[in-house]
Amino acid sequence: MSDCSAGYDPTRWSSIRTGEKRYRIGVIDGPNMSNMHRRDRSIYGGASIQDLQGFVHSFGESIGVETVHLVSNHEGDIIEWIHENAPDLDGFLINPAGLTFTGEPTKWALSDSNKPYIEVHFRNVVAGKAMAPLGEERRFVFTTAAKGEVMGFAQYSYTSALLALIWVLDDPDLSGELSLGQIC
């Protein structure tokens with residue numbers, strides 16, 4: 001991901017939307033994501049959080065979405081940002097990172113915003129050694145109120161989650177429970 005623009009053609013995404021409204025989406029990266037360029041290169045590839053934000057921003061622009069980014073190692077700052085920005089946003093992506101198992105106050109701030117959100121993780125946080133030191137008793141706090149969750153695809157987790165959120169916003173049927181009859 002060191003060159004996020006390599007092979008990237010924004011015009012190829014022009015027809016992927018089911019609606020035409022331009023949305024503003026808050027993208028939140030929680031504790032430890034600011035240090036991703038120094039973390040395990042086999043997972044993070046040496047990319048910085050700024051590289052990731054640029055990649056997500058470029059993809060968003062190509063599908064008619066403005067992304068507004070926050071990176072913070074402090075839960076209180078994240079909550080305040082949600083409270084201040086929710087009125088001007090259509091939804092959220094959140095990588096809770098270090099708050100994945102403990103971020104109840106942040107989850108409530110997102111839920112109270114009455115805006116849909118999707119939980120996103122750069123890596124698959126339940127696979128192998130990622131989960132081993134945490135034990136089986138851990139539960140994912142944000143998943144219980146999220147519209148969905150995407151993990152394990154590096155920077156593409158973010159673009160996949162952004163696209164899924166836009167489909168939720170574009171298609172009112174996705175915001176509720178679908179039956180097989182509605183799909184077919």
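**View A. Buried residues of helix α2.** Ile49, Leu52, Gln53, Phe55, Val56, Phe59, Gly60 and Ser62 of α2 are buried (under 20% relative accessible area with a 1.4 Å probe, protein chains only; exposed is over 50% and partly exposed lies in between). The model is predicted, with pLDDT of at least 70 required for local features and 80 or more for side-chain atom pairs, while totals for chains, interfaces and linings use all residues. Residues are numbered from 1 along each chain as its sequence is written, and side-chain values use heavy atoms, with hydrogens and water left out. The cover over the buried residues of α2 includes β1 (23-29), β2 (65-71) and α6 (155-170); helices (H or I, at least four residues) and strands (E, at least two) are DSSP runs numbered from the N terminus.

**View B. Span and end of helix α2.** The end C-alpha atoms of α2 (residues 49-62) lie 20 Å apart, which agrees with the 20 Å that its 14 residues should span at 1.5 Å a residue (1.5 Å times one less than the number of residues). Gly64, with a positive phi near 80°, follows α2.

**View C. Packing of α3 with α4.** Helices α3 (residues 75-85) and α4 (residues 104-112) pack at about 5°, with axes 9 Å apart (axes are lines fitted to C-alpha atoms over the stretch in contact, and angles run from 0 to 180 degrees between N-to-C directions). This makes α3 roughly parallel to α4 (under 35 degrees). Glu75, Ile78, Ile79, Ile82 and His83 of α3 and Glu104, Pro105, Thr106, Ala109 and Leu110 of α4 make the contact (heavy atoms within 4.5 Å).

View D. Asp88 lies in the loop between α3 and β3 (91-95). Asp88 counts as partly exposed because its relative accessibility is 49%. Tyr23 is 65 residues from Asp88 in sequence, yet their C-alpha atoms are 9.8 Å apart.

Terms used. Angles under 35 degrees count as roughly parallel, over 145 as roughly antiparallel, 65 to 115 as roughly perpendicular and the rest as oblique.
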